[in-house]
Amino acid sequence: MSEECKGLPPGGRSNAWPLYGAAFMMAMYLSMAWAAMPFILTTIRGTTAEVGYAPAINNLAYMIALLVTGSQLGHFRVKRTTLAAGTVALLASVTMTSAVLAGMARKECDGALWVWVLIAAGGIGGATMALYWPFLMSWVSSDYEGVRLNRRFGRYNGAWSGGATIGPLLGGWLVEINPVLPLVGAIVCVALSLVLLSFAKDGSSRKAIEPSQPASAGDPSLDLRLLADCRWISRIALFSACVCYAVVRSQFALVFTSLGYAESQFGLYLTIYALCNFAALMVAGRWARWHFKPSLLIVAQAMLLLMLLMTLYGRTLGVLFLSSVILGVAYGFAYGSHLYYGASASRHRSTRMAIHESVISLGLTIGSAAGGYLCEHVGLYWPYWFAVGVVVLGLIGQAAVHAGTRARTSAAAASASRDMGIERP
């Protein structure tokens, strides 16, 4: 059997297609629903603060669920758990759709009730994803290391980011026709993801929950200090990218339309971001030359700062779309880097995937909540200045981590030289 098929049930690589297909459909569901959510909420008389609180609660519920289930991730059966999570997400999507229909039908004082039913259902849907994404990622990556792990993640990242590319475009187009249509489309996507997961083999799911074999600590090709350095620098980059994306996804929809552009053009804006995110993830998954080069992550952090400044001062579609390109590339590289460094040399992949998802949900929660609060109580552009502060602090943190690692490495090298009786020049 080829190395590429390692970790899959009999039948080889082709048996992984349900996992990639399920990731594609679930990502399309999430991106379609949440790209349209600002416009859906304003249709049923949600406030600008609630536009920010909705994704914040969704991501906060996801993060709390990750913390609650984190210690049990290695004990659940992957297929059964992902199917159960998808079923609950389907029911949550039906509830969200019903809340929008009721809110549109009742234009009196009870409109706030349906806004919060929608937000609460979104929170339940977010919590269930804690039993979906970490399991799917550990299932995909089981028993892979090095370049093969990178390529495996490349195909998985290409699948979910492909769905996330199509979702916003469809969401922006459908919400112009009728605000409830993006949620109806989301229901269809979740149902299809469940169908695809049902084709996955039980042998594959049992294999996925076994602890992955870590790279030997004595492997000379693996520098554990550099791995730790890259993990923390990529963690800062991913958190910063998520804060930026959360602010853009929730509050920038309102700024965008206030400049005279249509909802479908905002969907195109998010689609450009998603396309660039997809391209960055595919390139990172195909080539491994970026491995263990933390300076590239600092460059990605600087790109986030440039994107925010373009968002603050840009007014034309060309500038705004270019900022979307920069956000997509920086986010994709930060995401792929943290996913790879977290899984490398790790025995418990499910736990590492939970940490990865926790960083994402924390960044999205803080970005969405702060964006909604600042937009409502301070000013329309203050969410982006908040994100600028996060990115600048992240740059400082990355530089400090990298400098500390270099200092420890130099000290260790000097100690080794003294032990060997070698005098440094």
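## The chain as a whole

What you see above is a predicted model. The protein chain has 15 helices and 0 strands. It runs to 425 residues, and 56% of them count as buried.

Take the contacts in the chain with a separation of 6 or more: 87% of these come from residues 24 or more positions apart.

## The largest cavity

How do you find empty space in a model? Rolling a probe the size of a water molecule over the atoms shows where it is left. Searching the whole structure this way turns up 2 cavities of 30 Å³ or more.

The largest cavity has a volume of about 550 Å³. It has 25 lining residues, and the closest to its centre are Leu-30, Trp-133, Trp-160, Arg-249 and Leu-364. That lining is made up of 18 nonpolar, 5 polar and 2 charged residues.

Which helix gives the most to this lining? That's H1, with 5 residues. Other helices supply at least two residues each, including H2 (48-69), H9 (224-250) and H14 (349-377).

## The second largest cavity

The second largest cavity comes in at about 50 Å³. Among the residues lining it are Asn-150, Phe-153, Trp-290 and Tyr-340. Here H6, H11 and H13 are the elements giving two or more residues, and H6 gives the most, with 4.

Its lining splits into 5 nonpolar and 5 polar residues, with no charged ones.

Notes. Residues are numbered from 1 along each chain as its sequence is written. This is a predicted model: local features need pLDDT of at least 70, side-chain atom pairs count only at pLDDT 80 or more; totals for chains, interfaces and linings use all residues. Side-chain values use heavy atoms; hydrogens and water are left out. Buried means under 20% relative accessible area, exposed over 50%, partly exposed in between (1.4 Å probe, protein chains only). Contact means heavy atoms within 4.5 Å. On a 1 Å grid over the protein atoms alone, a cavity is a set of points where a 1.4 Å probe fits but cannot get out, and a pocket is an open set with protein on both sides within 12 Å along at least five of seven lines; lining residues have an atom within 4 Å of a point. Grid points are joined across faces, edges and corners, and a volume is the space filled by probe spheres set on the points. Ala, Val, Leu, Ile, Met, Phe, Trp, Tyr, Cys and Pro count as nonpolar, Asp, Glu, Lys and Arg as charged, and the others, Gly among them, as polar.
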